[in-house]
Amino acid sequence: MSKKAKKKSGSSAQYRWAFTVFLMAVALSAVLSLASESMLSGAGVAAALLMLVVFIGLGILFDIIGVAVTSADPRPFHAMAAHKERGAKESLMLLRNAERVSSVCNDVVGDICGIVSGATGAVIVTQLQRALDLKSVLISVGVTALISGMTIGGKALGKTVAIKKSTQVVYCAGRFLNLFHW
């Protein structure tokens, strides 16, 4: 294949990947938003806070996986696969597709969790204002600041863990994926 044909084929694959990620983001966003809306309608502040922690935690977890996949060494997984350890083949698949895995984990899931966290924060602000009979902007600023701090701080800590423990993180993700492989 000529260089020109390879270049054209590569750019076509990039457009397909971008379109796939777009569709994935739309679908996942719709599912998470729908789940969030249905769980938050009529829920109290405590339930909304729990939902918020879950979404922030998911964003941090997927950020850890995305970073670990880009920094892990594949050699231990080749040895594990040779010994037929569960999750080793799935871990290698994650590493072979590190760019896409990172894009899905960090960008798609991470961004959607951030957006849904913000929407959940808005529900919490409304509920707090109603419960406290206040219309203060300070409640909104406080909730937004806490969500940002928890998300950014959690991801900063998570990146350190992901880089230092990349083999373990990728192996855990591989073991999890192995549960769905018959």
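Mentor: Happy to! Let's begin in helix 1, residues 3-40, where phenylalanine 19 and phenylalanine 22 sit three residues apart, so about one helical turn separates them. This is a predicted model, and in it the two rings form a stacked aromatic pair, with 6.3 Å from centre to centre and 25° between the planes. The angle counts as stacked because it is under 30 degrees. Phenylalanine 22 has 48% relative accessibility and is therefore classed as partly exposed.

The structure holds two aromatic pairs, so let's turn to the other.

Now step back to the protein chain. Its secondary structure consists of seven helices and zero strands. The radius of gyration is 20 Å, while a compact globule of 182 residues would come near 16 Å. Along the principal axes, the C-alpha atoms fill a box of roughly 70 × 40 × 30 Å. Of the 182 residues, 35% are buried. Among contacts with a separation of 6 or more, 80% join residues 24 or more positions apart.

Finally, the surface: the chain exposes about 11,400 Å², and carbon and sulfur atoms supply 68% of that area. There are 19 positive and 9 negative side chains, and the centres of these two sets lie 11 Å apart.

Note on methods:
Residues are numbered from 1 along each chain as its sequence is written. Side-chain values use heavy atoms; hydrogens and water are left out. Helices (H or I, at least four residues) and strands (E, at least two) are DSSP runs, numbered from the N terminus. The radius of gyration is taken over C-alpha atoms; the globule rule is 2.2 Å times the number of residues to the power 0.38. Buried means under 20% relative accessible area, exposed over 50%, partly exposed in between (1.4 Å probe, protein chains only). Contact means heavy atoms within 4.5 Å. Accessible areas come from the Shrake-Rupley method with a 1.4 Å probe; for residues, only the protein chains shown count as cover. Lys and Arg count as positive and Asp and Glu as negative; His and the chain ends are not counted. The place of a charge is taken as NZ of Lys, CZ of Arg, CG of Asp or CD of Glu. Rings of Phe, Tyr and Trp (its six-membered ring) pair if their centres lie within 6.5 Å; planes under 30 degrees apart count as stacked, over 60 as edge-to-face and the rest as tilted.
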